[in-house]
Structure formats: structure tokens, C-alpha cells
Amino acid sequence: MSRNYVERLYGNFNRGQKMMDGFLESCPDELWTQTLGGYPVWLQYYHLMACVESLVMGKDEAPKHQLYDMETLFMSKFPEKAMSKAEVSAYNAKMKEYFAAYMDKMTDELLLQPHEGASLRLKTPMKHIDVIEMLIAHVFYHLGTFDGILRDRKLKGMYGI
């Protein structure tokens with residue numbers, strides 16, 4: 001079974017993740033807990049990674065790694081205590097492993113098959129390729145947000161890290 005398209009998609013996801021890792025390392029501590037762009041910076045990072053499990057899991061699966069309720073995951077409410085960079089980094093590693101396991105099973109043919117879990121949760125027909133592309137777009141959306149946060153403070157932006 002072919003994995004040409006799977007590898008291209010996974011490469012794009014990983015490229016974005018590498019840049020997100022760069023942000024995690026370079027984000028000044030004083031910005032980490034601030035609310036910028038409407039949401040706490042740390043919560044935006046957690047949200048990005050928590051969406052991986054939320055979108056990828058099957059229709060009969062329950063979240064195994066979710067640290068907060070759905071309102072917090074989707075940033076409708078903010079926890080009183082921020083996660084540290086180390087905690088977010090550890091969570092990020094778990095979500096990367098979770099996504100890797102999903103992608104390891106993926107084939108080019110399976111990309112075009114319905115993703116029942118995401119279709120059910122999003123209440124719209126979704127294929128595996130839709131889920132993967134949505135996650136890639138989500139990573140780059142948040143990279144743009146974080147880039148703006150840094151550049152507004154005269155710090156080096158995300159592109160080139």
C-alpha cells in the first residue's frame with residue numbers, strides 16, 4: 001500500500017511541530033502566562049496539541065491524555081494555574097506520539113476513507129485526509145499567532161527559528 005501522500009502530509013505536520021518546539025524554547029517566561037491575542041499563551045499551545053487527540057481518536061474512544069475539560073480545551077474558560085513550559089513540553093511529546101501512531105497506520109488509500117470519530121464530533125462528514133489537513137492548518141495558524149506575539153514585542157519571530 002502506498003504512503004506517498006501520507007509521508008508528505010506527515011512531513012508538513014512535523015515541520016510545523018518543529019517550529020512550535022522552537023517557540024516553546026524561545027518564548028520568554030514573562031510572556032508564557034500572559035493573555036495575548038485573547039488567550040493565555042500557554043493555553044493556546046496546550047489547545048493546539050489537545051486538538052490532536054480530540055480530532056484523531058475513533059468514534060468509540062474517550063480522550064486518554066486530556067488534562068482539562070472541553071471548555072478549557074476550546075479556550076472558553078481559563079484555568080487559574082498555568083501549565084509550565086516543562087509540563088506543556090511533556091504533554092506535547094505525548095500528543096506527537098499519539099499522532100505518530102495514527103500516521104503509522106495510515107495509507108494513501110485510507111486517507112480518502114471516512115473518519116467516523118471526527119465526523120461524529122464535528123457533526124460534518126470528515127475523511128482522514130480532512131482531519132490531517134485540519135491539524136496541519138491549525139499548527140500554522142497558531143504559529144502565525146505566536147509569531148505576531150513575538151514580533152509585537154520586537155523579538156525574533158517564528159519563521160527562521
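## Fold and overall shape

The chain holds eight helices and two strands; both are DSSP runs numbered from the N terminus, with helices being H or I of at least four residues and strands E of at least two. This is a predicted model, where local features need pLDDT of at least 70, side-chain atom pairs count only at pLDDT 80 or more, and totals for chains, interfaces and linings use all residues. Residues are numbered from 1 along each chain as its sequence is written, and side-chain values use heavy atoms, with hydrogens and water left out.

Along the sequence the order is α-α-β-β-α-α-α-α-α-α. The radius of gyration is 16 Å, close to the 15 Å from the globule rule for 161 residues, so the chain is as compact as a globular protein of that length. That radius is taken over C-alpha atoms, and the rule is 2.2 Å times the number of residues to the power 0.38. The C-alpha trace spans about 45 × 35 × 25 Å along its principal axes.

## Burial, contacts and surface

Of the 161 residues, 46% count as buried. Buried means under 20% relative accessible area, exposed means over 50%, and partly exposed lies in between (1.4 Å probe, protein chains only). A contact needs heavy atoms within 4.5 Å. Among contacts with a separation of 6 or more, 69% join residues 24 or more positions apart.

The accessible surface of the chain is about 8,600 Å². Carbon and sulfur atoms account for 55% of that surface. Areas come from the Shrake-Rupley method with a 1.4 Å probe; for residues, only the protein chains shown count as cover.

## Charge

The chain carries 19 positive and 21 negative charges, and their mean positions are 3 Å apart. Lys and Arg count as positive, Asp and Glu as negative; His and the chain ends are not counted. Each charge is placed at NZ of Lys, CZ of Arg, CG of Asp or CD of Glu.

## Cysteines

A disulfide is a pair of cysteine sulfur atoms within 2.5 Å. By this rule the count is zero. The sulfur of Cys27 lies 19 Å from the closest cysteine sulfur, that of Cys51, which is too far for a bond. Cys51 is accordingly in no disulfide.

Both cysteines fall under the burial cut-off. Cys27 is buried at 3% relative accessible area. Cys51 is buried at 6%.

## Two lysines with positive phi

Lys123 has phi near 60°, a positive value in a residue other than glycine. Lys123 sits in the loop between α7 (116-122) and α8 (128-152). At 74% relative accessible area, Lys123 is exposed.

Lys154 has phi near 65°, again positive and again in a residue other than glycine. Lys154 lies in the segment after α8. Its relative accessibility is 77%, so Lys154 counts as exposed.

## Two residues and their contacts

Gln17 belongs to helix α1 (residues 4-26). Gln17 is buried, at 2% relative accessibility. Neighbours within four places in sequence aside, Gln17 is in contact with Met49, Asn92, Lys96 and Val139.

Lys81 is in the loop between α4 (70-73) and α5 (85-104). Lys81 counts as exposed, at 61% relative accessibility. With neighbours within four places in sequence left aside, its contacts are Trp42, Tyr68 and Glu87. The C-alpha atoms of Lys81 and Thr33 are separated by 9.1 Å, and the two residues are 48 residues apart along the chain.
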